[in-house]
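Biologist: Hello! Could you take me through this model and the surroundings of its ligand?
Modeller: Gladly, let's look at it together.

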Amino acid sequence: MDSFSVYEDKISFFHKNGKLHKIRTINHDHTIFVAGELGKILKKGDIVCLDGDLGAGKTVFISGIAKAAGIKGVIPSPTFTILIEHENAEIPFYHFDVYRLGNEEEFYDLGFDEYLYGKGICAVEWASRIPGVFPGNSIQVFMFREDYDNSEYRQILFYFPENDKRFELFTERIKNYDNPCK
Ligand code: ADP
Ligand code: MG
C-alpha cells in the first residue's frame, strides 16, 4: 500500500488547497539538515505542526529547527511536560508535545494559545490531535518511516498555505538537497 494513504485523513488538516513538498531523508543528520533549512526561514509568530508515529523523528526534526533558529544546547523531548520554553535566543522557541492532551479545551485551559499568538516560534508534536487550535497559516509537517522497523529512511511531507512565500523560500533553500523524494 502507498504509505501516504495510511495517513491521508490526517494529512493537511489545514491546507486542502495548499502547497506540498516531499523529502526523503536517509538518517538522523539529514533530517536535522532539512529541518534546519526550514528553521532558517522561520520568524516570530510562525507555527510548525508535526505529526507521525512514535519514533518517526518529530523531536529530531524540531531540534534541527531550534538549532537553526539560534537555540543553544540540548533539545529534550517534552513528552512529560507538554511545553518546553527555550528563551536563550533572539526569538523564543516553544516546543510542545500535545500527545497527552485529550482535546482542544485542555490546550486552552492551560493557556497555551497565548504562545501561538506570542513573540516566539512554536513547534508542536502530535498537532493533529488538536487541529482546531492552530491558525490557518501554520506549516504542517508529516513524518513517517518508509520500511517500518529497520530503515533510517523517513518521508517528510511539508504542507504550506496557499500563496505562502515561505514555500518558495524553503524549496529554494533545499533544491540542491541530493535525495528528494519525487
Ligand atoms: P518522535 O519524536 O517522532 O517520537 P524521535 O525524534 O524522538 O521521534 O526519534 C526518532 C528516532 O529515530 C531517533 O532515535 C533518531 O536517531 C532515529 N532516526 C533514524 N533515522 C532517522 C531519520 N532519517 N530522521 C530522524 N530520525 C531518525
Ligand atoms: Mg517526540
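Modeller: Before we start, a residue counts as near a molecule if one of its heavy atoms lies within 4 Å of it. Please keep in mind that this is a predicted model.

Biologist: Thanks! With that cut-off, how many residues surround ligand 1?
Modeller: Among those closest to ligand 1 are Thr-31, Lys-58 and Glu-152. Gly-55 and Thr-59 also belong to the closest group. The whole shell around ligand 1 numbers 15 residues.

Biologist: Which element gives the most residues to the shell around ligand 1?
Modeller: Two elements give two or more residues to that shell, α1 (28-39) and α2. The largest contribution is three residues, and it comes from α2.

Biologist: Which class of residue has seven members in the shell around ligand 1?
Modeller: Sorted by class, the shell has three nonpolar residues and five charged ones. The class with seven members is polar.

Biologist: Now for the atoms: which residue has a side-chain N or O atom 2.8 Å from an oxygen atom of ligand 1?
Modeller: Let's set the backbone aside first: a backbone N or O atom of Asn-27 lies 3.1 Å from a nitrogen atom of ligand 1. Likewise, a backbone N or O atom of Gly-57 is 2.9 Å from an oxygen atom of the ligand. The side chain at 2.8 Å from a ligand oxygen belongs to Thr-59.

Biologist: What share of the exposed area of ligand 1 does the protein bury?
Modeller: Taken alone, ligand 1 exposes 570 Å². Of that area, the protein buries 76%.

Biologist: And the largest pocket, what is its volume?
Modeller: The lining of this pocket has 14 residues, and Leu-54, Gly-55, Lys-58, Thr-59 and Glu-125 are the closest to its centre. Helix α2 (residues 58-68) gives the largest share of the lining, three residues. The space in the largest pocket is about 170 Å³.

Biologist: Is Gly-64 buried or exposed?
Modeller: Gly-64 sits in helix α2. Buried means under 20% relative accessible area. Because its relative accessibility is 3%, Gly-64 counts as buried.

Biologist: One last one: which residue's side chain makes a polar contact with the side chain of Asp-164?
Modeller: Asp-164 lies in the loop between β7 (154-160) and α5 (165-173). With a relative accessible area of 12%, Asp-164 is buried. At 2.6 Å, the side-chain partner of Asp-164 is Arg-166.

How values were computed
Residues numbered from 1 in each chain as written. Chains lettered and ligands numbered in written order. Predicted model: local features only at pLDDT ≥ 70, side-chain atom pairs only at ≥ 80, totals over all residues. Heavy atoms only, no water. 1 Å grid on protein atoms, 1.4 Å probe; cavity = no way out; pocket = protein on both sides within 12 Å on 5 of 7 lines; lining within 4 Å. Points joined across faces, edges and corners; volume = space filled by probe spheres on them. Helix = DSSP H or I, 4+ residues; strand = E, 2+ residues; numbered from the N terminus. Polar contact = N/O pair within 3.5 Å; in protein donor to acceptor, adjacent residues only side chain to side chain. Areas by Shrake-Rupley, 256 points an atom, 1.4 Å probe, with all protein chains shown as cover. Nonpolar A, V, L, I, M, F, W, Y, C, P; charged D, E, K, R; others polar. Buried < 20%, exposed > 50% of the residue type's maximum accessible area, 1.4 Å probe, protein only.
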